[in-house]
Amino acid sequence: MKIDYSLELINITKKFDNQNVVENLNLSILPGKVTCLLGPSGCGKSTTLRIAAGLETQDSGIIKINGNLISEPNVSHLPPEKRNIGFMFQDFALFPHLTVKKNIEFGITKNKNETFNNFSADKLLKKVGLDRFQQKYPHTLSGGEQQRVALARAISSIPMVMLMDEPFSGLDKRLRDEIRDETIEILRNEGVAVLIVTHEPEEAMNMADNIALMRDGKIIQQGAPYNIYNKPIDKNVASFFSDINTLHSKVKDGRTETPFGPFITPGFKEGSNVEIIIRPQHLKIDFDRNGKGPSPTIQDGVPARGKVSFSRFIGKESIIELIMERDGSKLKASIPGVFLPDAETPLWLSMRRDRCFVFLK
Ligand code: ADP
Ligand code: MG
């Protein structure tokens, strides 16, 4: 019978050279869900994954699988091969003396007793687009091809918990999207609890049910992609997911003045410096009609005039940078499709107030 497995990391701390690399980290990975550990390079993602796998031991904190304690420092430590965890790490070591097909068959045989679903090596190689390489040896393949073999091996037998460290990072974008979606679908359908490390926000948003955002060894925010994107806890989190515009202001009489009219800022101390953050896609552009723009509205506040400094088409959308008339500040707006006004063209901007974030500076 198939059992749903979960993995819990509770209050994990790990030091290297007396420095906390992971600090009081709490994370639950649920069956059938994909959790992405997302953060900049060096923040402790791989270390966290290695601790979960049992390849590294935490200094404090405990790990549970399916509610059972499997690791506690100085008490007990279940070795990696007994954890029923599948992994694929950044340094995806393939056996150099085995052909591509044999490498995958090794994965299948090794895990035979623990699996609920085996794919044949042929089928797996087709999935990752490498069926014609069956008899080749790893060193004759490119880095991206080797990575696909490692991926095929990782999913050759489905474990209950799957840990993957940047598994799609070396692949070209088109191929990456395809392989990622297929892999995730297989793992989700099998009810595997999946933890994937990535440093790419867009990738995390594409595949995660739950994103755990990491900075300096700590998880600073956790939730569904939609929630983190729309309710970032600070400016750094906001800017991790997209370009942002920052307006600087000061709280006076419970509000703060901006080129887009006053903002009510309850909860901020009188006199405090605040930053109002808005993403480029939430600025609205309007044409100049003899020095006039759109009328002020409650939703968008007062429009403000600026002049185009540059515009650029970047594929799905166009980016327009404006220098604002009022204070010379620069703001970037993006709109879908092609819109490429000349430099110096006067335009009006207004700002979706429900899409702004206000943070203390
Ligand atoms: P990430 O995967 O987020 O890029 P890592 O977990 O690999 O980050 O590393 C986090 C920090 O811990 C880095 O500063 C790295 O240099 C350090 N580190 C990782 N492994 C070791 C180790 N075995 N010994 C000493 N320092 C390490
Ligand atoms: Mg890493």
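This report walks through a predicted model of one protein chain and the ligand beside it.

## Ground rules

Because the model is predicted, local features need pLDDT of at least 70 and side-chain atom pairs count only at pLDDT 80 or more, while totals for chains, interfaces and linings use all residues. Residues are numbered from 1 along each chain as its sequence is written, chains are lettered from A and ligands numbered from 1 in the order in which they are written, and side-chain values use heavy atoms, with hydrogens and water left out.

## The chain as a whole

Let's start with the big picture. The chain has eight helices and 21 strands; these are DSSP runs numbered from the N terminus, with helices being H or I of at least four residues and strands being E of at least two. Along its principal axes, the C-alpha trace spans about 75 × 50 × 40 Å.

How many of the 361 residues count as buried? The share is 48%. Here, buried means under 20% relative accessible area, exposed means over 50%, and partly exposed is in between, using a 1.4 Å probe and protein chains only.

## Around the ligand

Which residues surround ligand 1? They are Phe16, Val21, Pro40, Ser41, Gly42, Cys43, Gly44, Lys45, Ser46 and Thr47, where a residue is near if one of its heavy atoms lies within 4 Å. Helix 1 (residues 45–53) gives the most to this shell, with three residues. Sorted by class, the shell has four nonpolar, five polar and one charged residues. For that sorting, Ala, Val, Leu, Ile, Met, Phe, Trp, Tyr, Cys and Pro count as nonpolar, Asp, Glu, Lys and Arg as charged, and the others, Gly among them, as polar.

Some side chains reach oxygen atoms of the ligand. For Lys45, a side-chain N or O atom is 2.9 Å from a ligand oxygen. For Ser46, a polar side-chain atom lies 2.8 Å from one, and for Thr47 the distance is 2.5 Å. Taken alone, ligand 1 exposes 560 Å², and the protein buries 56% of that; accessible areas come from the Shrake-Rupley method with a 1.4 Å probe, and for residues only the protein chains shown count as cover.

## Opposite charges that pair up

Side chains of opposite charge can pair when their charged atoms come close. A salt bridge is a side-chain nitrogen of Lys or Arg within 4 Å of a carboxyl oxygen of Asp or Glu, and the count comes to 19 salt bridges. In one of them, Glu182 meets Lys127 at 3.2 Å, N to O. That pair links distant parts of the chain, with Glu182 in helix 5 and Lys127 in helix 3 (residues 121–127), 55 residues apart. Glu182 is partly exposed because its relative accessibility is 31%, and Lys127 is partly exposed too, at 28%.

Another salt bridge joins Asp243 and Lys332, whose closest N and O atoms are 3.7 Å apart. Asp243 sits in the loop between helix 8 (235–241) and strand 12 (245–252) while Lys332 sits in strand 19, so the pair ties together parts that are 89 residues apart in sequence. Then there's Glu325 with Arg305, at 3.1 Å, N to O. Glu325 is in the loop between strand 18 (317–324) and strand 19, and Arg305 is in strand 17, 20 residues away. Salt bridges that share partners also join Lys173, Asp177, Arg180, Asp181 and Glu203 into one network.

## A closer look at Arg180

Arg180 lies in helix 5 (residues 173–189). Is Arg180 buried or exposed? Arg180 is buried, because its relative accessible area is 4%. The side chains of Arg180 and Asp177 are joined by a polar contact of 3.4 Å. A polar contact is a pair of N or O atoms within 3.5 Å; within protein, one must be able to donate a hydrogen and the other to accept it, and residues adjacent in sequence count only if both atoms are side-chain atoms.

Most residues other than glycine have a negative phi. Asn74, though, has a positive phi near 65°, and Asn290 has one near 50°. Asn74 is in the loop between strand 5 (68–72) and strand 6 (76–77), and is exposed at 84% relative accessible area. Asn290 is in the loop between strand 16 (283–287) and strand 17 (304–313), and is exposed at 82%.
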